Amino acid sequence: MDKIVTGSFQLMKKINRTLILDIIRQHGPISRAEIAKMTKLTPPTVTNLVRDLLKTGIVVEGDRMSSSGGRKAIELKINPRAYYVIGVDVGISKVHTVVTDLEAKILQEVYIPLKPEDYPGIIDLIIRSIEQVVNQFKVDKEKLIGIGVGMHGLVNSREGIAVFAPNFNLHDVPVKALIEEKLEIPTYVDNDVRAMALGESWFGHGQDVGNFVMLNVGYGIGAGIVFNHEVYHGVSESAGEIGHTTVVDDGPRCNCGNYGCLEVMAAGPAIAQRAIKEIKRGVLTSLTHRAGEDLEHITAKMVYEEAKRGDELSLRIMEDTGRYLGIGVANLINILNPEKVVIGGGVAQAGDILFEPLVQTAMMRAMEVPARSVQIVPSLLGEKAGVIGAATLVLRQLFKVTKVEE
Ligand SMILES: [Zn+2]
């Protein structure tokens, strides 16, 4: 009985301490009195818990500021360089690894390009990329509070297991356990697009809205759904697989086994494949020159670059792609009624050439009421969304009460 009481007292203390820490993060510089008012905790409780936080170095005292009574109160704020975080974004074509401060500001980064022959050693490669970025930044290991990994494919985020990543041929790989065993730093793993949505929620377009969808269009297509500032995972952690909803019922076969999925119509490889098919059919295009001897060298990036230069075939392909994505976005809008749809990933870098047909189609096909209240915007974090999202997996553990681990 005593043990239970002490246990819940400790837990309560921990919850309140995290609550105060998050208030300082979001509202600092802030005085102890203001924190007491916001949390409804008594001033002595706040003083005690703040003392604990000052000892960790994460919270520091700043200048005195005028309070309404005329007496000057000491302001509290986060010291973003008290500790550091590692973020790893594991994509199909690269491992991107960064060191950030506690505000997710990138301080050092490493890119390792990936080829299919690297896939069997992917976990070792992730570990090597972390060691490399830590060495370059010359940071003490004690100052690293955690590693966040955004993984392509289905991920069990509670246990940090890559359940299924067809492109890497990974089945039930305990990514968290393997990294922690080697590096002895707490590690958190989630699906890459869900991590991006989390990053966008804390540091990007999601900061001012509680409900939005992040649509990632790159090598694959997936969505991260945020409800009331929390990322939605679904019962078996596969929520957001919009890339595998059908947009063309007799379309090409997708690697999920279905036909005409959004991913197989509008992701990067689909864009390149449509161009190759048309060239083989005899359509004249400046892409032939870009491809050189082998048409298989054509990439989605080449297609949108040539589209911008006015190449007719490339323009037509990008318009079609925008239209398919617009259908997917309209479905998201009708089902979820979000405040924003944020578009990220490599293909999103095509700009207006993709956005115009996308937005037009989405607005035309979505129902009027949800369409009126949604904004469709490109990701604010851009190509850094993956690593910032991965780093935020760690920051969430530090600052959020609901995620405190005992
Ligand atoms: Zn599919």
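Which side chain meets Arg-194 in a salt bridge? The partner is Asp-190, at 2.8 Å from N to O. Welcome to this predicted model, in which local features need pLDDT of at least 70, side-chain atom pairs count only at pLDDT 80 or more, and totals for chains, interfaces and linings use all residues. Residues are numbered from 1 along each chain as its sequence is written, and side-chain values use heavy atoms, with hydrogens and water left out.

**Domains**
- The chain is assigned domain 1 (2–78), domain 2 (84–200 + 386–403) and domain 3 (207–379); such bounds come from an automatic or database domain assignment.
- Between the C-alpha centres of domain 1 and domain 3 there are 45 Å.

**Salt bridges**
- The whole structure holds 19 salt bridges, each a side-chain nitrogen of Lys or Arg within 4 Å of a carboxyl oxygen of Asp or Glu.
- Both Arg-194 and Asp-190 are buried (buried is under 20% relative accessible area, exposed over 50%, partly exposed in between, with a 1.4 Å probe and protein chains only).

**The Arg-32 pair**
- Arg-32 and Glu-61 form a salt bridge of 2.8 Å, N to O.
- Arg-32 sits in helix H2 (residues 32–39) and Glu-61 in strand E2 (residues 59–66), so their pairing ties together parts 29 residues apart in sequence; helices (H or I, at least four residues) and strands (E, at least two) are DSSP runs numbered from the N terminus.
- Arg-32 is partly exposed at 21%, and Glu-61 is partly exposed at 41%.

**A network**
- Arg-309 and Glu-306 meet in a salt bridge of 2.5 Å, N to O.
- Arg-309 is exposed at 60%, whereas Glu-306 is buried at 5%.
- Salt bridges with shared partners link Arg-290, Lys-301, Glu-305, Glu-306 and Arg-309 into one network.
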